[in-house]
Amino acid sequence: MSEIKKILIGYDGLEQSETIIEDLQNAGMPEMVEALVLTVAEAWELPSVIDRVASADSGKFVHPNVSAIETHLSKVSENSQTIADSAVKHLQDNFPEWNITGESVFGKPAVELINKADEWKPDLLVVGSQGRSAIGRFLLGSVSQKVLYESHCSVRISKKRADRKNVVNRVLIAVDGSENAEAVVRAVASRNWSKSTEIRLIAVNDPFTRTEAGYLPWNTQEDKPEDNEKSREWISKVIDAPAQILESAGLNVLKVIRWGDAANLILKESHDWGADSIFLGARGLGRFKRFLLGSVSSTIAVKADCSVEVVRQIE
């Protein structure tokens, strides 16, 4: 994955969207980026005075107060564009070198974000972890989950850690020896990280899921890998090689190996260490129109208490 040049940001003006702007400051963003802020207006709340009646002449549904609808839609559109413009200003204050524009459209947020990503082809699509549904409730991810599952590009779900006390920026990267994991590592290595950033690589030897690298012989009594040729080969491929890529980019890297359920152990490591973000691969199937998200990536994206970036390889 090459350096990020285009970012699409889904923004609705809610508190979760403010988190996006804060999160991007810890995402290793390059100095120069073309960013598009997309706000989606949902015009489902029509004025109560409006009732549809049938036209005796045409037999079709007509509206006795077309001007009321037009006025309502105009206000919704104007408010949505104001929200987009506000986000552009806030982003520009934090990233003065970026080329940022704002756009407002009508429709369903997830659908419009996916369609815009297909059309504009960003390197990264950024959304908040929650958003407002048409009846005003907050959901995890009715929008963010659909975007995560169905976008062709990499997706970052921005979350705000309530207990964040880190002075440094802590980035956890999950690796498993696959080509997809290597793409994740190279994506991180290409970013513009501050000198205080700490990188932690985690490889989980999951007895229930065979990765491309196979299993690591594990001493469960001492909770560490067995010291033999097969173990050394696994460790060299799965965690040492990615660490070298990151270290070559001038990053400080710590390596950890765990045994057990991959999703739960990655989540535990992130929580215990106080990670600010997790990077992992989509493990998608490129033969399909949309990339399918792996169960580990899906679980972590939903349950993590920090931001999660799912890296997709563009074919």
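The legends below describe close-up views of a predicted model.

Residues are numbered from 1 along each chain as its sequence is written, and side-chain values use heavy atoms, with hydrogens and water left out. Because the model is predicted, local features need pLDDT of at least 70 and side-chain atom pairs count only at pLDDT 80 or more, whereas totals for chains, interfaces and linings use all residues.

**View 1**
Helices (H or I, at least four residues) and strands (E, at least two) are DSSP runs, numbered from the N terminus. The buried residues of α5 are N180, A181, A183, V184, V185, A187, V188 and A189. They pack against the strands β10 (170-175), β11 (198-205), β15 (277-281) and β16 (307-311), and also against helix α6 (229-248), where contact means heavy atoms within 4.5 Å.

**View 1. The largest nonpolar core and a second, separate one.**
A nonpolar core is a set of buried Ala, Val, Leu, Ile, Met, Phe, Trp, Tyr and Cys residues joined through side-chain atoms within 4.5 Å. The largest such core holds 38 residues, of which L8, L125, V147, I266, I278, I300 and V308 touch the most other members. Helix α7 (residues 262-273) provides the largest share of this core, six residues. A second, separate core of 25 residues includes A189, V238, L246 and V311. In soluble globular proteins, nonpolar side chains tend to be buried together. V308, one of the residues of the largest core named above, touches V155, R156, I157, I278, L280, I300 and A301 when residues up to four places away in sequence are not counted.

The buried residues of α4 are V143, S144, V147 and L148. They cover an arc of only 125 degrees around the axis, which puts them on the same side of α4; the arc is that of the directions from the helix axis to the C-beta atoms. K146 and E150 both lie in this helix (residues 142-150), four residues apart, about one turn of the helix, and their side chains meet in a salt bridge (3.0 Å, N to O). A salt bridge is a side-chain nitrogen of Lys or Arg within 4 Å of a carboxyl oxygen of Asp or Glu. K146 counts as partly exposed at 29% relative accessibility, and E150 likewise counts as partly exposed, at 27%.

A search of the whole structure finds 16 salt bridges. In one of them K116 pairs with E119, with the closest N and O atoms 3.7 Å apart; these two residues are three residues apart in helix α3 (residues 109-120), so they are separated by about one helical turn. K116 is buried at 11% relative accessible area, whereas E119 counts as exposed at 59%. The side chains of E269 and R200 meet in another salt bridge, at 2.7 Å from N to O. This pair links distant parts of the chain, with E269 in helix α7 and R200 in strand β11, 69 residues apart. E269 counts as buried at 8% relative accessibility, and R200 counts as buried at 14%. Salt bridges that share partners also join D23, R156, R191 and E309 into one network.

**View 2. S231 in helix α6.**
S231 lies in helix α6 and counts as buried at 1% relative accessibility. Its side chain reaches the backbone oxygen of E226 at 2.6 Å. Leaving aside neighbours within four places in sequence, S231 is in contact with L216, P217 and E226.

**View 3. Two aromatic pairs.**
A search of the whole structure finds two aromatic pairs. Rings of Phe, Tyr and Trp (its six-membered ring) pair if their centres lie within 6.5 Å; planes under 30 degrees apart count as stacked, over 60 as edge-to-face and the rest as tilted. F95 and W98 form a stacked pair, 4.0 Å centre to centre with 15 degrees between the planes; F95 is buried at 11% relative accessible area, and W98 counts as buried at 4%. The rings of W193 and F279 have their centres 6.1 Å apart and their planes at 80 degrees, so this pair is edge-to-face. The pair links distant parts of the chain, with W193 in the loop between α5 and β11 and F279 in strand β15, 86 residues apart. Both W193 and F279 are buried.

Notes
Buried means under 20% relative accessible area, exposed over 50%, partly exposed in between (1.4 Å probe, protein chains only). A polar contact is a pair of N or O atoms within 3.5 Å; within protein, one must be able to donate a hydrogen and the other to accept it, and residues adjacent in sequence count only if both atoms are side-chain atoms.
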